Amino acid sequence: EFVALMGASGSGKSTLMNLLGCLDRPTRGQYLLDNTDVSHLNRDQLADIRNGKLGFVFQSFNLLPRTSARENVELPLLYGRHQLSNQQLRERADRVLASVGLQGREEHHPSQLSGGQQQRVAIARALINHPEVLLADEPTGNLDTASAQGVFDLMKQVNSAQGTTILIVTHNRALAEQCGRIV
């Protein structure tokens with residue numbers, strides 16, 4: 001499913017995303033993810049869930065400035081349970097970078113990339129572990145209209161081609177109306 005989450009500033013959209021993404025814990029109640037109550041899991045268990053089931057894309061990109069696009073994308077693999085060689089890391093990162101239209105930009109640092117390209121690196125990083133759910137909090141908020149549409153089209157492609165569920169927080173009504181459902 002591709003769902004847009006909309007609401008006024010301060011209405012709790014980002015808080016909901018942080019809860020769904022296991023970045024924050026609910027103060028009460030229960031959160032079941034794949035029939036597992038994640039509300040009381042320890043930090044390591046939550047990290048495993050985040051790294052294996054969830055992908056995150058943020059408005060501010062959250063790229064490491066002194067590392068290449070490839071190294072930014074490889075990062076989740078380094079924290080996972082994968083025992084990949086440097087060559088395997090490189091091949092996997094290059095493959096996902098190519099899939100988001102950044103072939104030939106693997107060695108570029110964030111400062112050498114446009115905003116739209118930086119967001120594509122962030123999306124590639126979110127997709128490297130083949131998450132079941134991609135959570136995107138205002139991923140087009142810092143982009144011009146053309147770049148925003150390009151990033152959004154990429155997420156639509158990921159949703160349809162890979163079957164990844166996407167929940168996107170956006171204030172952009174035109175983008176939200178392209179989603180399967182608006183909440």
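Helix 5 and helix 6 cross in a right-handed sense, a crossing being right-handed if the near helix is turned clockwise from the far one by less than a right angle and left-handed if anticlockwise. The model is predicted: local features need pLDDT of at least 70, side-chain atom pairs count only at pLDDT 80 or more, and totals for chains, interfaces and linings use all residues. Residues are numbered from 1 along each chain as its sequence is written, and side-chain values use heavy atoms, with hydrogens and water left out. Helices (DSSP runs of H or I, at least four residues) and strands (runs of E, at least two) are numbered from the N terminus.

**Helix 5 with helix 6**

- The axes of helix 5 (residues 115-127) and helix 6 (residues 145-162) come within 9 Å and cross at roughly 20°; axes are lines fitted to C-alpha atoms, for helices over the stretch in contact, and angles run from 0 to 180 degrees between N-to-C directions.
- Helix 5 is therefore roughly parallel to helix 6, since angles under 35 degrees count as roughly parallel, over 145 as roughly antiparallel, 65 to 115 as roughly perpendicular and the rest as oblique.
- On the helix 5 side, the contact (heavy atoms within 4.5 Å) involves Gly116, Gln119, Arg120, Ile123 and Leu127.
- Helix 6 contributes Ser147, Gly150, Val151, Leu154, Met155, Val158 and Gln162 to this contact.
- By class, the contact of helix 5 with helix 6 comprises 6 nonpolar, 5 polar and 1 charged residues; Ala, Val, Leu, Ile, Met, Phe, Trp, Tyr, Cys and Pro count as nonpolar, Asp, Glu, Lys and Arg as charged, and the others, Gly among them, as polar.

**Packing of helix 3**

- Helix 3 packs against helix 5 at an angle of about 30°, and their axes are 7 Å apart.
- This angle makes helix 3 roughly parallel to helix 5, and the crossing of the two is right-handed.
- In this pairing, Ala69, Asn72, Val73 and Pro76 of helix 3 meet Val121, Ala124 and Arg125 of helix 5.
- The residues of the contact of helix 3 with helix 5 divide into 5 nonpolar, 1 polar and 1 charged.
- The axes of helix 3 and helix 4 come within 9 Å and cross at roughly 115°, again in a right-handed crossing.
- From helix 3, Ala69, Arg70, Val73, Glu74, Leu77 and Leu78 meet Leu89, Arg90, Arg92, Ala93, Asp94, Val96 and Leu97 of helix 4.
- The contact of helix 3 with helix 4 holds 8 nonpolar, no polar and 5 charged residues.
- Arg70, a residue of helix 3, counts as buried at 6% relative accessibility; buried means under 20% relative accessible area, exposed over 50%, and partly exposed in between (1.4 Å probe, protein chains only).
- Not counting residues up to four places away in sequence, Arg70 touches Arg90, Ala93, Asp94, Leu97, Glu106 and Glu107.

**Nonpolar cores**

- A nonpolar core is a set of buried Ala, Val, Leu, Ile, Met, Phe, Trp, Tyr and Cys residues joined through side-chain atoms within 4.5 Å.
- In soluble globular proteins, nonpolar side chains tend to be buried together.
- The largest nonpolar core has 36 residues, and those with the most contacts inside it are Val73, Val121, Ile123, Met155 and Ile168.
- Elements giving two or more residues to this core include strand 1 (2-5), helix 3 (69-79), helix 4 (86-99), helix 5, strand 5 (133-137) and helix 6.
- Leaving aside neighbours within four places in sequence, Val73 is in contact with Ala93, Val96, Leu97, Val121, Ala124, Arg125 and Ile128.
- A second, separate core of 15 residues includes Val3, Leu5, Leu46 and Leu167.

**Individual residues**

- Thr164 lies in the loop between helix 6 and strand 6 and is buried, with a relative accessible area of 3%.
- Apart from neighbours within four places in sequence, Thr164 contacts Glu1, Pro131, Glu132, Val133, Leu134, Val158 and Asn159.
- Cys22, in the loop between helix 1 and strand 2 (32-33), has a phi near 60°, a positive value in a residue other than glycine.
- Cys22 is buried, with a relative accessible area of 3%.
- Phe61 has a positive phi of about 70° although it is not a glycine; Phe61 is placed in the loop between strand 4 (54-58) and helix 3 and counts as buried at 10% relative accessibility.
- Leu16, found in helix 1 (residues 13-20), is partly exposed, with a relative accessible area of 35%.
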